[in-house]
2 protein chains.
Amino acid sequence: MAKRQEPGGAGAPGEAGSPGEPAGMDLVHLLREVTLRLDLAGARFAGRNGLHPTDLRALICLLDAARAGTESTPGRLGERLGLNSAGTTALIDRLERLGLIRRVRDTRDRRRVLLEADERAVALGRSFFGPLIDRTIDLLATFEPGEQAAIRRFLSGVRDAAGED
Amino acid sequence: MAKRQEPGGAGAPGEAGSPGEPAGMDLVHLLREVTLRLDLAGARFAGRNGLHPTDLRALICLLDAARAGTESTPGRLGERLGLNSAGTTALIDRLERLGLIRRVRDTRDRRRVLLEADERAVALGRSFFGPLIDRTIDLLATFEPGEQAAIRRFLSGVRDAAGED
DNA sequence: GCAAGTATCTCGCTGAGCGAGGTAATAATC
DNA sequence: GATTATTACCTCGCTCAGCGAGATACTTGC
């Protein structure tokens, strides 16, 4: 499990990855590994709570939107998760059956359905992200403000780079 | 889409996120968003190439192992992806049917099957990660060495934090 | 009021992944 | 060196997430 003990600084300096790879490549692999680990952690948590990885991702989207003060609808959620309308309906059915969200008809445009996250969903999200958040914030405290800004800028850049095709 | 335009420094100093959230929380959300985007990019790429998200993740694992000089077996792959043995067999069947990997009996321990990635798999992996790698490396070039080290250390920390339960 | 457009849902289907159990090969015990 | 346990992988039957196609309900423009 701890097989990723890189040479550290013992190898050729300035070329931490495999020979022949451009410098900075190790960071790309690291980033990839982070996403894989977070995915697996999400899948484990989801399974433990009787839901699927997609369900958890959907909850996160809904809580995100709620926090940002944006209204959530099936259409938006499906688009954000890369699901078609049928899959989105099934997803929302599952979440509603579990009592995590509610469907509410929009009174202005009565074709639309608004999705409201239940208190239970908030609690569930917190119980998943809580420990991770604590660890991340502790970790973050070990960095200088300038370093934190660099990390922030880097992640923003990667986010934008991943959004493009 | 660009709704995440935070106040910057205009609000209460040292409290960049929503009110009531601990400082550094914005970075946690950012990290989450990065993983979501990378996941979606992977799913899109997978779909475009006639395979599933899991298939792509499996390929990445296999290529990783090959790069690290480690032998790959169904058991290890399944464990790494969180699949049980039946699912792992089906996964390997798919990849083998597509000509992306080969099964080879280990001559030392003839219970074991070694998984070899085909040249096509390497090319496929490159075509997916290539653009992303280029952008990331370009992005990375805009950081001081000290900042790069901070990013590296942060990602390592998150990776380890996500690995624990 | 009617046609066109939009948001969501329903139906039938495919196939990824699971649980249970089977088959070789190796290791341990006598 | 036969017997039992363990390891590594595979097969079978099933469930259910997600897809494509089409239906339904509502809004908007003429």
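Predicted model: local features only at pLDDT ≥ 70, side-chain atom pairs only at ≥ 80, totals over all residues.

Trainee: Which element has the largest share of the surface near DNA strand C?

Mentor: That's α4(B), with 6 residues. By class, the surface splits into 8 nonpolar, 9 polar and 7 charged residues.

Trainee: Okay, now helices. How do I read which way a helix faces?

Mentor: An α-helix has 3.6 residues a turn, so residues three or four places apart point the same way. Now try α4(A): A:Thr88, A:Leu91, A:Ile92 and A:Leu95 are its buried residues. Seen down the axis, they fall within an arc of 95°, so they line one face of α4(A).

Trainee: What do those buried residues of α4(A) pack against?

Mentor: They pack against α2, α3, β1 (101-105) and β2 (113-117), again in chain A. The face turned away from the buried side of α4(A) carries the exposed A:Ala86, A:Ala90, A:Asp93 and A:Arg97.

Trainee: And how do I read the contact between the two chains?

Mentor: The size of an interface is often given as the accessible area lost when the parts come together. Here we count residues instead: 44 of chain A are in contact with 44 of chain B. On the chain A side, α1(A) gives the most, 15 residues, and the classes are 26 nonpolar, 8 polar and 10 charged.

Conventions:
Residues numbered from 1 in each chain as written. Chains lettered and ligands numbered in written order. Helix = DSSP H or I, 4+ residues; strand = E, 2+ residues; numbered from the N terminus. Nonpolar A, V, L, I, M, F, W, Y, C, P; charged D, E, K, R; others polar. Contact = placed C-beta atoms within 7 Å. Buried ≥ 20, exposed ≤ 12 C-beta atoms within 10 Å, placed from the backbone. Arc of directions from axis to C-beta.
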